[in-house]
Structures are given as C-alpha cells and as structure tokens.
Amino acid sequence: MDVESINDKKGVQNGGLQQKLENRHIQLIAIGGAIGTGLFMGSGKTIHLSGSSIILTYMIVGFFMFLVMRALGELLLSNSNYHSFADFTGEYLGSWTGFFIGWTYWLSWVVACVGDVVVIGGYIQYWFPDIPLWIPAFSALTLLVLLNAMSVKAFGEAEFWFSIIKVCAIVLLIAFGLWMILTGFKSSDGVEASFRNVVEPGVIFPNGALGFIAGFQIAIFSFIGIELVGVTAAETKNPERNLPRAINSIPIRIMLFYVLSLICIISVTSWHYVSPDKSPFVELFTLSGLPAAAAVINFVVLTSAFSSANSGVFSTSRMLFGLAWKKQAPDQFKLLSKANIPLRGLLISGFCMFAGAVLLIFIPNVMTLFTLLSTLSAILLIFIWSLIMLAYLSYRKKRPDLHKKSIYKMPAGKLLSWSCLAFFGFVLIAICMKQDTRVGLYLAPIWFVWLMIAYRFKDRINTFIAGKKR
C-alpha cells in the first residue's frame, strides 16, 4: 500500500485523520470498552478469589472509571485542538508527560492485545483441544492487522458488530439466567439456581479481606479500553454531542453488563463450582447441562476477545501517529496510506504484538500468561489514568476560565480527582499481595527506566532513524 505525506491543509486540524466515526460507532466503541476480556475470561478467577463480593468490586471500579472518563471528557472538550489525552497531559503537566503517556498507552495496548489473542487461543481450544495456542493467536493478529489497514470506517464497523454481539449475548445470558433462577433450575451437579447462592454463608468473602482486595486486579483490567473514546476524538463526528453521550451511559452499562451478569452466574452455578481457569459465562451453560448453548456462548466470548484486540490494534497505530506529530516518535509514523491509515505505526505495533504472542510457545497456559499480561497492562493503565486526573487538577488550577464555560463539567472535580488517585494507589497495593500479579509490578519499572532514557535522547534517536531512512 502506497503512503503519502500529510503535511498539507487537511492536516492542520487532525493530521489528516478522517472524521468518519459516527455516533453509532462511538456508542458501541464505548460499550466495547466497557465489556472486555477481563469480564468474560478473568471474572472466573475474581469470583474464585472474592466470591460474590466481586459484584461490589466491579461497582467500585466502575464508579472510579466513570470519574476518569468525566475528567477526560471535560478536558477533551475544553479545546478543539486536543485529539487524545496525550495532548492535554503534555500541555498541563509538561512535554515529558505527553511522551510518557503516549508511549505507555501504546505499550499497554500491545500487552493487552497479546493477552486477548492468548485468550482467543483458549476459546478455540474449546472446540479443538489439541491445537497449539499460538496458531489461533497468530491467525487472529494477522486478520486484525489486515482489517485495520483498510480504513477507519472498517474498524468502526467491525467494532460496531463485535459490540452488538456482546450486548445481545449478555442480555440473553441475563434473561436466561433469570429464567433459570425463577424456575428453580437444577444443574447437572445438583445446584439449584437461586439468589440465595449469592448471599449464603461463606460466599460473600470466602477468602477474607485479602481475597476481596486481590480481586481488584482483574476487575481493573476488565475496564481497559473504556478510555478509547478519548483516542477516537480526532475521528469522531460532532464530538461535543457524541462524547458526553457515550460517557454518560457508562454507569448504566456497568450495572447491566457487570453487576447483573455476575449475579446471574453466581446464582445459577454457585461460587463453589466456578473455575478460576475457565470462562464462567461458558461454564454456566456447561454445568447446566446445555453444551450446545455453551458452544454458542463460547463463540460470543471469542468475538469479545476479537473486539478487545481490534481496539488495541487500532489505538496503538493512532498513538504512534500522534507521537510522531509531536516529534516524540520518528517522522515516518506521520505518513498515512491512501485510505488515511497510519500504516507504518500499524505495522510496527503489529510486529510487537506478534513478538509478544511468541510467549505462548514458552508459557502454554492460558490463565498463567493472561494473568501476567493483564497485570502489566493494568499497571500501565493506572499510570495513564493517574496522569489524566493530575492533568485535570492542573487544568482546574491554571484555566478556571475554561472550566467555568465548560459544557461538560466534572461534578466535584477536585475532590473526586484526589479520590481516584487514592483508589489507584490502593489497587497497586492489591497487586502486590498475590505472587502471580506481583510479577507484573516487577516488570513495569523496567519500562519507565527505558522511557526516561529514550526521552533524554529522543532527538538523537529520531535523527539517527531519519538518517538511516535516507
């Protein structure tokens, strides 16, 4: 595919990216961001750790994620020149934050995308138990890179239909689960579906306070992608109307997709029979003696993992594009294809994802590798979300005039921003408490040390790369 420079009038506002994402795309991208692999696959582990208190965990995490999105929404809409959170963090916290947040967000999605294709391999093994995990993982990555190379509208349409499938599946699961509960359905293991399974003794905090706290890691990872509507701002039609709509609907979606679905799962299958290594959404139908329905749900959660990975492939290429325009990445990432796609950023990101997927050859266990990758990605996102809140606090201090005339003010902004930062500190403590999640905390500082070195010598690095290209 040919590439061409975008250093023209068209690139003044958004660098040449086309505003082809409509309201239906933005709304479904927001839904897709709120329904991730962490819910479909990781919730089995969190239920095993936290019991039915996992419902409270998701409500708490969802509340703070909504606050982050409100802060992000007000900041993006305060200046039409902001294309993503890297723009306003760089302005309010210093140019170094734009560099750090841009590259860290890029890595977080590379890692999350590898985690998603790992899970895709696990879902494929449901039908083909003998297939090596790396085969479906590599195949999925190839398909998604090709899809994103077509056009931004192809991404939007794919995410629209992926999200439609997820929404329909969860609504049907909740409806079917409620029917099983109301009719007193008995599973093949003799468990009677009942709301009593949620509140029975020993189920709310089966592993005590430590188990409840440990459940926050996967819950945080479940919300990775919720900020994606901020990345799509430059390619969104009428962001002043569509972004607030997408953000304001987050609480309802959390109650519907997380709280109700988890209540149904625990009520039908009982905490005692939830496997930490399998998707509880699939297990609900398997344990209920409905293998055909379980296979359908397995297909649905497979599309969910594709959706999350699709978001990762999209956002990584856009972040490299934005970094290049700010001279924080090589100029080659500023080039667009004839379809107005940052193709070189897409290919570099795809290469890194393929390199990460090689881990499947050395760690061929889905949940072990998924836990490691999801923890590392969650830590990187906590860093980014924290910078967004710090940028908001700086914005409130430096530009009270913009806040006063804002059409989308964050309620109790200063107080709740500090509350978010305290919560993120709590989550990092929670990650330290389990050995399998602690590894990610050991790896994250390596990235930040590398970023400090790269930031110090970024001009020399960019000049060297430009010289090699010539």
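Reader: How do helix 5 and helix 6 run, roughly parallel or roughly antiparallel to each other?

Author: Helix 5 and helix 6 are roughly antiparallel. Their axes cross at roughly 150 degrees and come within 6 Å. Angles under 35 degrees count as roughly parallel, over 145 as roughly antiparallel, 65 to 115 as roughly perpendicular and the rest as oblique. Axes are lines fitted to C-alpha atoms, for helices over the stretch in contact, with angles from 0 to 180 degrees between N-to-C directions.

Reader: Predicted or experimental? And what are the ground rules?

Author: This is a predicted model, where local features need pLDDT of at least 70, side-chain atom pairs count only at pLDDT 80 or more, and totals for chains, interfaces and linings use all residues. Residues are numbered from 1 along each chain as its sequence is written, and side-chain values use heavy atoms, with hydrogens and water left out.

Reader: Where are the two helices, and what is a helix here?

Author: Helix 5 covers residues 85-93 and helix 6 covers residues 95-127. Helices are DSSP runs of H or I, at least four residues, and strands are runs of E, at least two, numbered from the N terminus.

Reader: Left-handed or right-handed crossing?

Author: The crossing of helix 5 and helix 6 is right-handed. That label applies if the near helix is turned clockwise from the far one by less than a right angle, and left-handed if anticlockwise.

Reader: Which residues meet?

Author: From helix 5, Phe85, Ala86, Thr89, Gly90 and Leu93. On the helix 6 side they meet Ser95, Trp96, Thr97, Gly98, Ile101 and Tyr105. Contact means heavy atoms within 4.5 Å.

Reader: How many in that contact are nonpolar, polar or charged?

Author: The residues of the contact of helix 5 with helix 6 divide into 6 nonpolar, 5 polar and no charged. Ala, Val, Leu, Ile, Met, Phe, Trp, Tyr, Cys and Pro count as nonpolar, Asp, Glu, Lys and Arg as charged, and the others, Gly among them, as polar.

Reader: How many residues of helix 5 are buried?

Author: 7 of the 9, so helix 5 is largely enclosed by the rest of the structure. The buried ones include Asp87 and Tyr92. Buried means under 20% relative accessible area, exposed over 50%, partly exposed in between (1.4 Å probe, protein chains only).

Reader: What follows helix 5?

Author: Glycine 94, with a positive phi near 115 degrees.

Reader: Which residues other than glycine have a positive phi?

Author: Serine 270 is one of them, with phi near 75 degrees. Alanine 412 also has a positive phi, of about 45 degrees. Most residues other than glycine have a negative phi.

Reader: Where do serine 270 and alanine 412 lie?

Author: Serine 270 lies in the loop between helix 14 and helix 15. Alanine 412 lies in the loop between helix 20 and helix 21. Serine 270 is buried, at 3% relative accessibility, whereas alanine 412 is partly exposed at 49%.

Reader: New topic. Is glycine 345 buried or exposed?

Author: Buried, at 1% relative accessibility. Glycine 345 is in helix 17. Leaving aside neighbours within four places in sequence, glycine 345 is in contact with Ser317, Leu320 and Phe333. Its C-alpha is 5.4 Å from that of phenylalanine 333.

Reader: And which helix has proline 445?

Author: Helix 22, residues 435-456. Proline 445 is partly exposed, with a relative accessible area of 43%.
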